[in-house]
Amino acid sequence: MLYAHSTASSDRHDWQTLSDHLETVAKLASQRAERFGMPEAAYAAGLLHDLGKYSHEFQRRLQGAALRVDHATAGAAVAKERLGPLGHLLAYAIAGHHAGLANGRDAGERTPLTNRLKADLPELDPCWQQALTLPAQLRPPAHFTLRRDRGFFQYAFLTRMLFSCLVDADFIDTENFYALHEKGLPHSRGGGPGLDVLRDALNAHLAAFKADSDVNRLRGEILTHVRNQAEKAPGRFTLTVPTGGGKTLASLAFALDHAIAHGMDRVIYVIPFTSIVEQNAAVFRRALGEHGEAAVLEHHSAFDADGSASGQSRTRSSIDKLRRDSENWDAPIIVTTTVQFFESLFAAKTSRCRKLHNIAGSVVILDEAQTMPLPLLRPSVAALDELALNYRTSVVLCTATQPALAETDDPERSFVGGLRDLHELAPCPKKLYRQLERVTVRHVGTLDDETLRDELLATEQTLCIVNNRRHARALFEAMAEQPGAYHLTTSMCAVHRRQVLAEIRQQLKDGRPCRVVSTSLIEAGVDVDFPRVLRAEAGLDAIAQAAGRCNREGKRSKADSEVRIFATANEEWAPPPELKQFAQVSREVLRSHRDDPLSLDAIDAYFRLLYWQQGPQQLDRHDLLQLIEHGRLDGLPFETLEQKFRMIENAQRAVIIPFDKTARDALRELSYAEGVGGIARKLQPYTVQVPHQGFAALERAGAIAAIEPDKFGEQFIVLINEDLYDKRLGLNWSEPTFRASESNIW
């Protein structure tokens, strides 16, 4: 008898047999690949993934021998030899099902597939050929559509999808084997209410809305029109609605209707900022009533630990249902970040890839679609197009400022390699823009900080948005003692920001002084309504977002609701080079659209000019698309893609702020917790993302420390020197040794 997994039992009565493991993984992988029409290929991958365990050496290892045995490469070699070109793709997946996908030829941290296939491997017991029945050949499904301009990109994408099916199946079977052995029950996964139940709950919530104003009546008309498009065939859509038009719930309603109409499984909401992930997830939970908590899964990177806790095996690490569902997105509604979504689509690690098969057959709402980073725009758009083309995924670009990503037959107006056959869901976007036009926009020239302060104090209710945290802090400190002065920044944890925003809204509602200095975080879906907004020069899309915080409810006249754009006199506050280019393009467009600077024509002109100035090379800065095509089948660069596809170049680290009793209690819970998913969810709103240099400075000063590092490694880092967190300014990592004088009194 040959085995796949062992226990402590010396008589092997409860060990998992190799044939049982391979057959179960094959079936699970096949079920997952049904989503995109490749069950036979995934089944073959499951049968072959642990073929090397048919060796005498591996069986000795299970019995306790101190041997290192490569048990993955044997199956990869068989797949490549016997199953044709698709077998070559399976070879990548099989060889990488533990360590991750490797490059085909080029050196990396992982041994290239070509080298592994040439290595000497342990001899296999010939009985495997009787035990396993492989297909004679594998063919791609008939419905797959090939693009001549990126055929090998499509092969790489398919490999990653099959890899996802395999590693998820392998994780689940192995996890269940040990869970049954240790606790007598398999781990709970997935489930939750069906999409039809969620739609009924959403309908009940929407029925309570009253069309008691012009804006609310228009929101109702938009919602009805958008939902009426749900029967359209799956594909590529835009939802172009001005800020304040009710995009969030309209897009969710469309997604549920569309998914139900076409037999899709889930809705994936992709959002550029972690803070808005939490906000939108909360909106969805409220809208779905009693089903919201079970239906909506947030997944972002604050506590996203690759692999298991330090010193523990994967199957024995302290994980729970939330963590497991996050790993493979096994929930009806996923709310995640742009970074998590796109980096996963180009990932090579098992932990990042295992969710990918669950994107197939889903509705993907890309909120604020214009925020996709320019250096990775072409590969990002190629991935969206491939999902729509071959994986039964409907992609919705949802924004007030629609990026010009359509590929057309008109070379003057085409984004090369972009999205064809885009269908607009909103009713006549140009008419909507005119109906929801509520502000006057003008450029007021260059302002120094003293003039900016005077502008803030000239009226009692003003919002000023600047391009970096240091400028926001300096400007706030210059007027901090004035009535109604507030400061908002990502240096504050989300709970703190919510408290400040609640105060701001109350001040605005009561007509009291309210002068707010903020970074751009307030532009991302934050529901505030100022009579005047000052905005430092930025991209026209950012200016449009800022304008959405001015006269949001349309209660004032357009003439009395002003958005003033300004350049900063102080070079210290200058934006980074890419933002400078956005601002320069905005200036050009504003000159040619002076009378209507935020019109859809102006926005379209802005993006076309921006993309033209960048050129194809800068929209794929690392030349990833060509790297894939030049690699061809035997040189697909999986590890290189993972390393170079980074939406945030300078990684940030989450620091937990013990801001209130809830945070402190949750931190104490970590000391004795077995499962941490619920605690991680509690702590997420208490984190501040700190740049690498700032994190290192805090670490050197002893201002931060890991909680329970033996159990969790560095997954949970907490602020120890609480004097560094100010109730008006947030976390200050520029002076990490600072202590308030009262802290020195014993």
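1. A polar contact here is a pair of N or O atoms within 3.5 Å; within protein, one must be able to donate a hydrogen and the other to accept it, and residues adjacent in sequence count only if both atoms are side-chain atoms. With that in hand, the side chain of Ser344 reaches the backbone oxygen of Gln340 at 2.6 Å.

2. Some ground rules. This is a predicted model, where local features need pLDDT of at least 70, side-chain atom pairs count only at pLDDT 80 or more, and totals for chains, interfaces and linings use all residues. Residues are numbered from 1 along each chain as its sequence is written, and side-chain values use heavy atoms, with hydrogens and water left out.

3. Back to Ser344, which sits in helix α15, residues 338-345 (helices are DSSP runs of H or I, at least four residues; strands are runs of E, at least two; both are numbered from the N terminus). Ser344 is buried, at 0% relative accessible area (buried is under 20%, with a 1.4 Å probe and protein chains only).

4. Now strand β13, residues 514-518: 5 of its 5 residues are buried, so the rest of the structure largely encloses it. In a regular strand, side chains alternate between the two faces of the sheet. Here both faces are covered, with Cys514, Val516 and Ser518 buried on one side and Arg515 and Val517 on the other.

5. What does β13 pair with? Strand β11 (residues 461-465) runs parallel to it, joined by 5 bridges, and β12 (residues 485-488) is also parallel, over 4 bridges (pairing takes at least two DSSP bridges). Val517 is the bridge partner of Cys464 and also of His487.

Methods: Buried means under 20% relative accessible area, exposed over 50%, partly exposed in between (1.4 Å probe, protein chains only).
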